[in-house]
Amino acid sequence: MTAQPQEKLVISGLHAAVEGQEILKGVDLEIGRGEIHALMGPNGSGKSTLGYCIMGHPSYEVTAGSIELVEADGTRHDLLAMEPDQRARAGVFLAFQRPMSIPGVRLADFLRHAVTNVRNPDRKEGQELMPMRDFRSELKAKMADLSIDTEFARRYVNDGFSGGEMKRAEILQLAMLRPKFAILDETDSGLDADAVRLASQSIARIGGAEMGILIITHHEQLLEHNIPLRTHVMLGGRIVESGGPELAAELHKRGYERIRAAYPEAAAAERSMQDALGSETAQPVTA
Amino acid sequence: MTTPAAPALSATFDRESLDRLLTDQHSGRAVPAWANDRRRAAFERLETLALPDRRDENWMRTDIRLFKPKAWGPRRRPGPEAPVPTGLLADFLAGDASGGESFFEEATRPSGTSTQLAGRLLSLDGHVLHEQLDPALASRGVLFGSADRLLASHGDLFERHWFSVIDSQCDWFAALHAAFHTASTVLYVPPGVRIAEPLHVLSGLGEGGIDTSHVLVVLGEGAEATVLTETAGGGSASGAGSGFHCGGTEIVVGRNAFLRMVNLQNWSTGVWHFARQKAVVHEQGRLQWTLGALGSRLSQVAQDVALAGRGASAQVNGVMFTEGRQQLVYNTLQHHEAPGCKSDLLYKGGLQDRSRLVWRGMIKVDKVAQKTDGYQRNDNLMLSREARADSIPGLEIEADDVRCTHGATSGRVDEEQIFYAQARGLSADEAARLVVAGFFQQVFDRITILPVREALARAIGSRIRRIS
C-alpha cells in the first residue's frame with residue numbers, strides 16, 4: 001500500500017429497506033482503490049442488498065446514510081444521487097449473483113455499448129460507439145487472456161448460459177470495463193472447485209493497484225488468489241466484525257456460531273428478518 | 001412532411017368515376033377487355049355490399065365505425081411540385097445509413113455502399129410518377145412496371161392471375177379495390193431468370209390522399225426475385241386529412257422458383273389501411289414473405305399463403321410496432337393444399353401507449369396434404385399497461401400425417417433487465433431499446449435482406465420511448 005491519499009468508496013451509516021422491510025441497519029465500510037475486501041456472512045444478512053444499494057437497484061430504498069466516491073483530493077461524489085448507469089460511468093461495477101438474460105442481444109454488442117459509455121461518461125445515446133476495429137481487438141485479447149472462446153461473444157447475453165458461463169461473462173465484463181470499484185456478488189456460487197480457482201485467478205489478473213474490490217462470498221477459495229486486506233462479517237444487516245484474511249478462513253471452517261454468540265443483538269435482527277422474509281432467504285445456497 | 005393531396009376527381013367511388021377509369025385513365029394502348037370486365041364485375045358486387053361489421057369473425061376485432069366510405073373518391077394527378085414522401089428504406093437502399101458493423105463479420109457491407117435496384121416504381125395518390133427497369137433484365141423478358149401499360153402490351157401473361165389469386169368479392173373493401181385500383185404494378189419473371197437485386201415499389205400519399213394500388217408478381221419456373229414494396233405519407237392522426245389505402249397483393253411463385261417479398265406499411269398515423277394479400281406457391285417453390293408495419297391509424301390485413309404444389313415452402317415474417325391509439329389487425333392463413341409442404345410463420349409485435357395489435361392465424365391442411373409441416377407463432381412485447389394484444393392461433397387439419405404446431409406469448413420488458421444493463425453503463429432508455437431490439441432479433445435473423453432488417457430496426461428503435 002502506498003502512503004499517498006487514494007480514491008475511496010465510502011459507505012456511512014447505511015440503512016436500506018426493500019418493500020418496507022429494513023435489511024441494512026447501519027453499514028459502515030471504506031474501500032480504497034487497489035484494496036481487496038471480503039464480505040462474508042450467512043444468507044439473508046444483507047450482503048447482496050449492500051451490493052444492490054451501491055449500484056442503485058430501484059427496489060432498494062436507502063432510508064439513511066450515504067454512499068460516496070471520494071477522490072484523492074477530497075472531492076466527494078454522492079452515488080445515491082446518481083442513476084445506476086451514472087454510477088457505472090463513475091467507475092462502479094457490480095458482478096451479479098444472478099445476471100439477467102437479454103435474449104436477442106449479443107454479448108459483444110452489449111459490451112460495446114457498455115464499454116463506450118463507461119469510457120465516455122458524457123456520451124448520449126445515439127452518439128458513436130467505440131470503433132469496431134478497436135473494440136474487436138481488445139475484446140478478443142481479453143477473452144484469450146481469460147481462456148474464453150471468441151464464439152462466446154456471439155451468444156445472447158446470459159441467454160441459456162450455464163451458471164459457470166454466466167459468472168465467466170461477468171468476469172469478462174469486469175475485465176473490459178475496468179472499474180475503479182467492483183463488487184463481486186458470489187461470483188463463486190454455483191461453480192465447482194476448478195471453476196472457482198479459475199475465477200479466482202482471473203479476478204487476480206484483472207484487479208491490481210487501480211481497482212478496489214469487494215468480494216462477497218461464502219467460501220474462502222475465491223480469496224485464494226485475492227488475499228483481502230480486510231474481511232468483514234455481516235450479520236442482521238450490519239457489519240459486526242472486521243479482521244484480516246484469517247477471519248475468512250475461520251468463518252469458512254467454523255461457520256457463524258461464534259459471531260452470533262458474540263453479537264446477540266445482530267443475531268436477533270437476523271432471526272426477525274428471516275421470519276419477515278419467509279424461509280426462502282434462510283435456505284443455504286446449493287451449488 | 002406531407003402536403004394536401006390533389007383535389008378530388010369525384011366525390012365518391014361511384015359509377016361515374018368507374019366509367020372514367022374504364023375509358024380515359026390510360027394513355028395510348030388499350031387495357032384488355034377482360035381487365036375492364038373484372039372492374040365492372042367488382043363494381044356490381046360493391047353495389048350490393050355494406051361495410052363489414054363485427055358479426056363477421058374476420059372483422060369482429062376491428063373498429064371501423066369512424067371510417068366514412070362516402071368521404072373518399074379518386075384523386076386528380078398530383079402536380080409536379082407535389083413532394084413525394086420518403087420511404088423507410090430510402091436511406092438504407094441509398095447506403096446513407098449504416099446499420100452498424102457486426103463483431104463477427106468484418107466489413108459485411110462498408111457504409112456508404114448503395115443497394116443497386118433492378119427496378120423501381122413510384123406512385124403518389126394513386127398515380128404512377130416514375131417507373132424504371134434495368135434494360136438488361138428487360139432484354140431477358142422481365143416485365144416490371146405500371147399495370148396499365150403492361151396489361152395492354154402483355155395481357156396474356158397476366159390474365160390468368162389478375163384478380164384471380166385474391167378474392168375480390170368477399171367484402172366491401174376487396175370489391176372497392178378490384179373496381180377502382182390505380183397505379184398498380186406488375187412483375188413477370190420468365191422461367192429460369194434470376195434477378196439478384198431488389199425491385200422497389202413505393203406508394204405515397206399526400207394528406208387526405210387515396211391509394212388503391214395493386215401488385216401482381218408472377219415468377220416462372222425456377223425464377224428468382226426480391227420485391228420490396230413500401231408505403232409512406234398521408235395525414236397524421238391529429239391533423240386533418242388522414243388518408244385511405246385500399247389495396248391488394250397477388251403473388252404466384254412457379255415451380256422451383258424463389259421469391260423474397262417484403263411489404264412495409266409505414267403510413268402516417270391518420271391513414272386507414274385495408275389490404276388483401278395472397279401468395280400461391282407451386283411445386284418446390286419457395287417464398288420468404290415479410291410484413292413490416294409501423295404506421296396507419298387502423299389496419300386490416302389478410303395475408304394468405306397457399307401451398308399448392310408438392311414440396312412448396314413459405315416462411316412468413318411479421319414485424320409490427322404500434323403506438324398512440326393505432327389498431328392493427330392481421331388475419332393470416334397458411335393453407336396446405338398439397339403434400340410435403342412447409343409453412344413457418346413468425347409474427348412479432350411491440351406495443352406502446354394505448355395501441356392494439358390483433359393476430360388471428362389459421363393453418364389449414366387439406367386431406368391430400370400429408371407430410372405437412374406447419375408452424376405459426378406470435379410473440380408480443382407490451383411496452384405500456386394500456387396496450388392490448390390478442391393472439392388467436394388456429395388449426396384446421398383434415399390430413400392425418402402432419403406436424404402442425406403453434407404458439408403465442410405476451411410479455412413485458414423486465415425492470416431487472418433494465419437495471420442489469422444500467423449497471424453496465426447503459427441509460428434506461430438505451431437499455432429498453434436494446435431489450436426491444438433483442439426481442440425482434442429472432443425475426444430479423446430470418447429476414448435475409450439487409451436493408452430491410454436495418455430499416456426496421458432503426459425505425460423501431462427510434463419509436464421506443466421510456467417503458468412505462
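Two residues are in contact if their C-beta atoms, placed from the backbone, lie within 7 Å. By that criterion, 25 residues of chain B touch 30 residues of chain A.

The model is predicted: local features need pLDDT of at least 70, side-chain atom pairs count only at pLDDT 80 or more, and totals for chains, interfaces and linings use all residues. Residues are numbered from 1 along each chain as its sequence is written, while chains are lettered from A and ligands numbered from 1 in the order in which they are written.

Chain B holds an open sheet of ten strands, ordered 2-1-5-8-10-12-14-16-18-20, with mixed pairing. Strands pair if DSSP finds at least two bridges between them. Helices (H or I, at least four residues) and strands (E, at least two) are DSSP runs, numbered from the N terminus. Strands 2 and 20 of chain B each have a single partner strand, so one side of each lacks a neighbour in the sheet.

Strands 14 and 16 of chain B run parallel, joined by ten bridges. B:Ser313 stands opposite B:Lys342 in strand 16 of chain B.

| Helix (chain B) | Residues | Angle and reference strand (chain B) |
|---|---|---|
| Helix 8 | residues 428–444 | about 165° to strand 16 |
| Helix 9 | residues 450–463 | about 25° with strand 14 |

Technical notes:
Axes fitted to C-alpha atoms, helices over the stretch in contact; angles between N-to-C directions.
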